[in-house]
Amino acid sequence: MDLRAITICFLMSIFSINAHVEASELTMATLDELNTYLHQYPSKAIKQIAQLESSATKQQSSDLLKLRLTLLKCETLIELGENQAAINLAKMGDAQAKLLKLDQARPYFLNCLADAHSGYDNLKLALPLFDSAMQLARRYQQPQALINTLRLRGQLDTETENFTAAIEDLRLSLDLLSELDSQPINWSWPPSAYVYAAMGNLMYASGDINQAIYYSKVANNQSNTLGKIKHVVLLNLAIMTLANNEHDKSDYYLEKAKEQIPVLDSELDLAIAYSTISVIDLRRNRIANAKRLALMSRSTFEKNMKQTLLMRNNRQLAEIAFVQNDQAKALDYMQQAINLGIQLYLPTDLAHFYHIMAEYFAKQNDFEKAFNYRTRQNKALSQANDKLSNARFIQYKARLSQHSIENTQVTQSLTKDSLNTQSKLNWAYALIFILGLILLCVIVLWFMKLQRTQYIDKQLHPSEKSQPSNQLENLLNNAKQTNSPLTLILMKTTHIRQVDLPQMLDQIKVKLREQDELVRHNLDEVIIILPYTSVQGAEFVIEQLLPSIQPWQPNHRVHMGLACLQQFDTVQSLIKRASANQLNKVKTNDTKPKPNETTETWY
């Protein structure tokens, strides 16, 4: 028996060693698994990365695999809260990508770099980096990078209450999830649960609690919602259902979130979890437990020198002390929070702190101090707006500079290609026959297009013919350069008789402004360009135009879609998004909305 037992143990040890070796081999499949694992269990992931780095050295792995491993390590450091280490590694990874001529990896490293800077609330660096990452992702056709850029930028816009920009980014990010597998080479992508959770947080911040709960539940049901992701999503649901006065559900989600705490093997993740649970317990009047958890978090924040988290922890402890009528302790915590806010220059947080102090002294009938703190609050709000405006101004300047550089590079590239082509033609006259065939095909296609254009022109009133596309592009470029809003309305004319259409369009033109543009896109669609107009303004214009449109198709509903200009938009992308919104509205009206479920209005 002893010999058999020893033999079994020996065989099991060999199997264990082989399994470990296989798990530590640096392959694309291993890195694909690590991509999701690092978000679920970051502390375990960083240990696996160390093993893979050692294995890569022994195996002499390819530069591409090593570079991707560096990228995943950078994102793991972000998950662990090691922002400075992530910044250093992202810069090194971007330089290596340039050196190895693997430029398609650059937007991923820029995302990691921007995410790390946003962790320090450094918007002046984070926002331009996100824009650069987006441009590179589009240039090298990297939907995985684009999804993450849109998600991270949407989260940042949510935190700064720029909800219009946030919802555009997050909607596009959700739409692109289906294209995750379209890349020939995988690099890095966010778990789908985090994308849905980001949309839920946006809805919560903007006051739409029901939609916030809906998206958070979708996030909770994703297959990758495990470990740390599961814990974060459940805590979100606990907070949202509590805000919706669903106390039983809030307690249920909170207990489920607590069950996931053992998977948080990072000391910092555990402290953040305790701090969040403390907020919920305070709102549920579980004061003693709220204070205990907040103090536990505080020691970790101090140990790891997480100043921003410590500042907000001081505010939490002050609120607890106010409830316990320990005024002296509460004021001491608030003063510590204010001092850190001034030191870190976080005017948005400072405005909240000053508001708490103003409310407290007003209740104490000390109106002089209350007025003083209210004045500080207003000043902090003004500084917060200036900080955000300056960051966005730098962002737009970076976009313009990048656009200018790209135009120069394109011109140089075209000139070089033209010279190379001419040189090759001198040595390869045999290509003339092929070029002749190509030319013949172009002529045939041009003739077919001309025939269709002439047909359309016959159907259009002279005042309705499409304006040149470069004129529309000029309108878009002008809006981007002046940082002014612009909205495109796409109207279907399928149910309007061609003979009636010119008269109806004349009625529409009367109600538009002089700077607005009415363009006939094709036989079945009309475009209205509204410069200096937000989405809300465009919806008002639609309401004004409906009385002029409805009489021409009394038995049919008016189909309209709209899209607001973003910095990366072209005319075609605006039209495409407006068309998608229009389709969404048709589907919304064909399906009866569920209770407590918001739907888009359609016309």
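Which residue is the bridge partner of L490 in strand 4? I looked this up first in the predicted model. The partner of L490 is G561.

**Entry: strands 1 and 4**

I then checked how the two strands run. Strand 1 (residues 486-492) and strand 4 are antiparallel, with 5 bridges joining them. Strand 4 covers residues 560-564, and I found 5 of its 5 residues buried. I noted the side-chain directions as well: M560, L562 and C564 point one way, while G561 and A563 point the other way. Both sets are buried. For C564 I looked up the value itself. Its relative accessibility is 9%, so C564 counts as buried, the cut-off being under 20%.

**Entry: the disulfide**

I searched for disulfides and got a count of 1. The bond joins C74 to C112, with an S to S distance of 2.0 Å. I took the torsion about the S-S bond next; the value is about -100 degrees, so the disulfide is left-handed. C74 belongs to helix 4 (residues 63-79) and C112 to helix 6 (residues 106-119), so the pair ties together parts that are 38 residues apart in sequence. I checked both cysteines for burial, and C74 and C112 are each buried.

**Entry: nonpolar cores**

I listed the members of the largest nonpolar core and got 53 residues. L67, W187, M199 and I280 have the most contacts inside this core. Helix 12 (residues 227-243) gives the most to the core, namely 9 residues. I followed up on L67. Leaving aside residues up to four places away in sequence, L67 touches G93, Q96, A97, L102, A105, F109 and W187. I also noted another core lying apart from the largest one; this other core has 33 residues, including I287, A294, M311 and A318.

**Entry: helix 16**

At 1.5 Å a residue, its 17 residues should span 24 Å, and the end C-alpha atoms are 25 Å apart, which agrees. Is helix 16 mostly covered or mostly uncovered? I found the helix mostly covered, with 12 of its 17 residues buried. Among the buried ones are T308, N313, R315, L317 and F322. I asked what the buried residues pack against, and the partners are helix 14 (267-283), helix 15 (287-303), helix 17 (327-344) and helix 18 (347-363). Just after helix 16, I noted N325 with a positive phi of about 65 degrees.

Note on methods:
Residues are numbered from 1 along each chain as its sequence is written. This is a predicted model: local features need pLDDT of at least 70, side-chain atom pairs count only at pLDDT 80 or more; totals for chains, interfaces and linings use all residues. Side-chain values use heavy atoms; hydrogens and water are left out. A nonpolar core is a set of buried Ala, Val, Leu, Ile, Met, Phe, Trp, Tyr and Cys residues joined through side-chain atoms within 4.5 Å. Buried means under 20% relative accessible area, exposed over 50%, partly exposed in between (1.4 Å probe, protein chains only). Helices (H or I, at least four residues) and strands (E, at least two) are DSSP runs, numbered from the N terminus. Contact means heavy atoms within 4.5 Å. Two strands pair if DSSP finds at least two bridges between them. A disulfide is a pair of cysteine sulfur atoms within 2.5 Å. The expected span of a helix is 1.5 Å times one less than its number of residues.
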